[in-house]
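Please look over the model below before reading on. My points follow it, numbered for reference.

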Amino acid sequence: MPSALPLADPAPDDGALPATVADGAADRAFGVYLHVPYCRVRCGYCDFNTYTADEVRGTSRADFAEQAIAEVELATRVLAEADLPPRPASTVFFGGGTPTLLPTRDLARMLDAVRGAFGLADGAEVTTEANPDSIDARGLAELAEAGFTRVSLGMQSAVPHVLATLERTHDPENVPRRVAEARAAGLQVSVDLIFGTPGESLADLDRSIDAALATEPDHLSAYALIVEEGTKLARQIARGEVPPVDDDLHADMYEHLDARLASAGYAWYEVSNWARDNAHRSRHNLAYWTGEDWWGVGPGAHSHVGGVRWWNVKHPAAYAQRLASALSPAAGRETLDAETRRVERVLLETRTALGLSVSALDAPGRTAVAGLIADELVDARLAIAGRLVLTARGRLLADAVVRRLLPEPA
């Protein structure tokens with residue numbers, strides 16, 4: 001979740017939603033995202049809305065669970081007053097930041113609040129991100145006991161010089177330990193990689209892929225590093241201290257990674273995600289790209305319900321103050337018109353293995369498909385069958401476009 005919030009209309013202090021959000025709601029899944037904005041250190045590449053303890057005044061990490069629970073209670077009221085039908089949460093995702101910097105009991109309390117407010121659907125997917133150094137076997141077992149079903153471990157790389165450039169401080173040896181401990185606790189496991197770090201070679205990437213596959217995770221995510229303006233890494237590159245990102249090498253790495261994971265039995269299903277089988281796909285992730293509803297809890301968190309998108313104030317102290325004053329923490333919002341929703345559908349559904357029905361394109365768009373096929377950006381066989389599914393190189397290009405045009409869903 002980038003630190004910069006988009007400009008849009010002001011959000012009402014009571015958080016009220018227009019009556020239109022109830023249209024078709026019974027046919028849409030509902031999920032909850034909880035953004036824990038705290039990290040032990042700030043990585044040089046990171047543009048997410050995160051804070052170390054030294055950067056926050058006016059509130060503390062110890063108070064966060066109560067604040068998040070207060071927003072869950074507000075969400076219950078706002079959704080009910082908008083006449084949305086009761087819908088249990090089919091997915092819950094704790095992201096950050098580093099959620100597991102909070103005591104396990106706090107994460108469990110927040111999940112209990114979601115369960116009490118909305119209920120959890122049968123077979124609900126409940127995930128937390130975790131730094132391999134911020135959780136242990138006991139904590140993972142406690143999460144499983146609390147109702148978590150899945151943990152996403154931030155490995156990023158197995159190569160010391162790559163981790164150093166990213167300013168990741170975790171011990172790489174803790175990744176296989178945490179995977180084994182999570183599996184022993186009965187949790188599904190995802191491992192996250194970042195590729196395209198300045199100075200990283202294809203051989204370095206292979207070393208990281210080998211290390212990730214050796215843990216036999218259920219799911220892998222691999223994100224192309226984008227150097228965001230205002231980050232320490234961007235300044236280092238501008239000063240010539242770190243080499244610039246090589247876009248062609250990025251593309252080669254993505255295609256190589258996709259082929260390696262496919263040969264290891266992991267099927268690609270969304271631009272940056274691969275799973276052993278359909279049962280191990282991240283359903284929460286897919287909900288973002290297929291237009292479902294979710295409420296984002298926490299500083300800077302984004303929400304989407306029935307074509308209305310909004311985002312919270314960024315700073316933890318401002319977030320805490322608004323909730324303490326019985327006000328919605330929303331900073332701004334936008335209501336998407338029919339054409340905007342259609343264009344976003346094109347941008348988002350083409351990120352997935354299911355793809356987009358060619359019939360959803362306008363006439364110029366349908367004509368352009370032939371050129372995309374010729375440029376080897378679209379799978380020709382599937383396009384002829386009426387589905388627009390991108391090749392590996394096409395997916396990487398689409399991801400860059402979406403990252404720049406749309407706010408992050410989390």
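**Notes on the predicted model**

1. His 304 comes first. Apart from residues up to four places away in sequence, His 304 touches Gly 291, Glu 292, Asp 293, Trp 294, Arg 309 and Trp 310; contact means heavy atoms within 4.5 Å. This is a predicted model: local features need pLDDT of at least 70, side-chain atom pairs count only at pLDDT 80 or more, and totals for chains, interfaces and linings use all residues. Numbering runs from 1 along each chain as its sequence is written, and side-chain values use heavy atoms, with hydrogens and water left out.

2. His 304 sits in strand β10 (residues 302-305). Helices (H or I, at least four residues) and strands (E, at least two) are DSSP runs, numbered from the N terminus. The residue counts as buried because its relative accessibility is 7%. The scale is: buried under 20% relative accessible area, exposed over 50%, partly exposed in between (1.4 Å probe, protein chains only).

3. What lies 3.0 Å from a polar atom of the His 304 side chain? The backbone oxygen of Glu 292 does. The backbone nitrogen of Gly 307 lies 3.2 Å from a polar atom of that side chain.

4. Turn to the rings. The whole structure holds 10 aromatic pairs. Rings of Phe, Tyr and Trp (its six-membered ring) pair if their centres lie within 6.5 Å; planes under 30 degrees apart are stacked, over 60 edge-to-face, the rest tilted. One of the pairs is Tyr 38 with Phe 64, edge-to-face at 6.2 Å centre to centre and 85 degrees between the planes. Tyr 38 lies in the loop between β1 (30-36) and α1 (64-81) and Phe 64 in helix α1, so this pair ties together parts 26 residues apart in sequence.

5. Tyr 38 is buried, with a relative accessible area of 3%. Phe 64 is buried too, at 1% relative accessibility. Phe 64 also pairs with Tyr 319: stacked, 6.5 Å centre to centre, 25 degrees between the planes. Tyr 319 is in helix α10 (residues 316-324) and Phe 64 in helix α1, so the pair ties together parts 255 residues apart in sequence.

6. Next, the voids. On a 1 Å grid over the protein atoms alone, a cavity is a set of points where a 1.4 Å probe fits but cannot get out; a pocket is an open set with protein on both sides within 12 Å along at least five of seven lines; lining residues have an atom within 4 Å of a point. Grid points are joined across faces, edges and corners, and a volume is the space filled by probe spheres set on the points.

7. The second largest pocket holds about 450 Å³. Its lining has 19 residues, of which Val 346, Leu 347, Thr 350, Leu 372 and Leu 388 are the closest to the centre. Helices α11 (338-349), α12 (363-374) and α14 (392-405) each supply at least two lining residues.

8. How many cavities of 30 Å³ or more does the structure hold? There is one. The largest cavity has a volume of about 50 Å³. Its lining includes Ala 11, Trp 295, Trp 310 and Arg 333.

9. Last, Leu 354, in the loop between α11 and β13 (356-357). Leu 354 counts as exposed because its relative accessibility is 63%. Beyond its neighbours within four places in sequence, Leu 354 contacts Arg 387 and Val 389.

Methods
A polar contact is a pair of N or O atoms within 3.5 Å; within protein, one must be able to donate a hydrogen and the other to accept it, and residues adjacent in sequence count only if both atoms are side-chain atoms.
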